[in-house]
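Dear colleague,

Please find below the structure that I am handing over to you.

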Amino acid sequence: MTSRPLPFFSSGLRLDADLHLPEKGAAGGQRAPYPIVVACSGYQGQKIIHPERFARALNPLGYAVLAFDYRGFGLSEGERGRLVPQEWAEDIRAGIDRLGTVADVDLSRLALAGWGLGGGVVVTEAVEDPRVRAVACLNGIADGTRSTRNMHDEASWADLLRRIEADRGHRSSAGRSEIADPWDIVRLDLDGRTDGYVGAELYKAPGFGSGVTLESADFLLRFSPERVVARLAPRPLLIVHGAQNALHKPVEAQSMYDHAAEPKRLELLEGRGHTEWMFDDNPTFTRVVGLLDEFLTSVWSPDAGQNGRGGPRDDYAARQ
């Protein structure tokens, strides 16, 4: 693939980003301007982890991919430790604004693909942004309170709520929020497969595992993409989720699906958890890329609705 820097500004902050373009002769048969997928990270994620993994997989199929670091993470500007999904939606919107200045991509064929927490963020952004023609929520969350509660036991959940409540008073008087261990909020140790993968693979990324403010946790508990997902229609939604995901439990995928309007599609990955299969050559990852390609090919097909410019095909909707 061919990659070039494409930094952009969001709320006055310079965000680090790269645009990954297919090589000439890619198997997808596409030529510039290319359909574009904005690949969005999850909690503690950075562009060099899963977004670039999707770029490596999707570029040979003829898709351009934008990968970026959210504000405050990686090489982007912003307050360190501030991890607010509501603000991340604004970062995605700003990235789309930047893509509108790039001749190599076709903004009429724009899709968002979000991983984990990012799966909920892309839904939240898309419902407010008609430029987004299709959305893929991959191992995502539908409600911040429910998904976070399901990661904790009774004692750790009660402790987290107590700390968030205390921090509200502290930051209102002192102006700063307490920095917490990120795994006090998103508790990994109750999901052995994900915990092992994170320790072995994700900590290779510089800065991964940095502290997160308790104010961020407060925002997370108020984040509920399922409340707005119905407004995405008639644009299509693909939901892919590990059937044995012990971090973001399958209830998140099912609830997002239940709240969404047609056209929508839910694919559960039998026997698979949250992230232990996220390697370029893993058969499950290859299958997910195939599902994403099938989904987008259907959306962009010449007989799609809205004159072929991003609406779902009637037969796609009918299959669901």
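This is a predicted model: local features need pLDDT of at least 70, side-chain atom pairs count only at pLDDT 80 or more; totals for chains, interfaces and linings use all residues.

Residues are numbered from 1 along each chain as its sequence is written, and side-chain values use heavy atoms, with hydrogens and water left out.

Cavities and pocket

Both terms rest on a 1 Å grid over the protein atoms alone: a cavity is a set of points where a 1.4 Å probe fits but cannot get out, a pocket is an open set with protein on both sides within 12 Å along at least five of seven lines, and lining residues have an atom within 4 Å of a point. Grid points are joined across faces, edges and corners, and a volume is the space filled by probe spheres set on the points. For the linings, Ala, Val, Leu, Ile, Met, Phe, Trp, Tyr, Cys and Pro count as nonpolar, Asp, Glu, Lys and Arg as charged, and the others, Gly among them, as polar.

Three cavities of 30 Å³ or more were found. The largest cavity has a volume of about 220 Å³. Its lining comprises 20 residues, and G42, Y43, W115, L202 and H274 are the closest to its centre. Eleven residues of this lining are nonpolar, nine are polar and none is charged.

The second largest cavity holds about 50 Å³. Its lining consists of Y43, L117, I141, S147, T148, M151, V186, L220 and H248, with six nonpolar residues, three polar and no charged.

The largest pocket has a volume of about 190 Å³. Of its 14 lining residues, Q46, F73, G74, L75 and P206 lie nearest the centre. Charged residues do occur here: the lining of the largest pocket has three of them, beside four nonpolar and seven polar.

Cysteines

A disulfide is taken as a pair of cysteine sulfur atoms within 2.5 Å, and the count comes to zero. C40 is in no disulfide, the nearest cysteine sulfur being that of C137, 11 Å away. C137 is likewise in no disulfide, and its nearest cysteine sulfur is that of C40. For accessibility, buried means under 20% relative accessible area, exposed over 50%, and partly exposed in between (1.4 Å probe, protein chains only). C40 is buried at 3%, and C137 is buried at 2%.

Aromatic rings

Rings of Phe, Tyr and Trp (its six-membered ring) pair if their centres lie within 6.5 Å; planes under 30 degrees apart count as stacked, over 60 as edge-to-face and the rest as tilted. The whole structure contains ten aromatic pairs. One of them joins F8 and F68, whose ring centres are 5.6 Å apart with planes at 65°, so the pair is edge-to-face. F8 is buried at 2% relative accessible area, and F68 is buried at 2%.

F73 and W88 also form an edge-to-face pair, with ring centres 6.2 Å apart and planes at 85°. F73 lies in the loop between β6 and α2 (85-99), whereas W88 is in helix α2. F73 is buried at 3% and W88 at 1%. Together with Y70, the residues F8, F68, F73 and W88 form one aromatic cluster.

A charge sits over a ring if NZ of Lys or CZ of Arg is within 6 Å of the ring centre and within 35 degrees of the ring normal. The charged end of R222 sits over the ring of F219, 4.7 Å from its centre, and that of K264 sits over the ring of Y257 at 4.3 Å.

Backbone geometry

Most residues other than glycine have a negative phi, and most peptide bonds are trans. A cis peptide bond joins A32 and P33, with omega about 0°; P33 lies in the loop between β4 (17-21) and β5 (34-40). Another cis peptide bond joins A233 and P234, with omega about 10°, and P234 lies in the loop between α8 (214-221) and β11 (237-242).

S11 has a positive phi, near 55°. S11 is in the loop between β2 and β3 (13-15) and is exposed at 61% relative accessibility. N139 also has a positive phi, near 50°, in the loop between β8 (134-138) and α4 (144-149), but N139 is buried at 1%.

With kind regards

Conventions
Helices (H or I, at least four residues) and strands (E, at least two) are DSSP runs, numbered from the N terminus.
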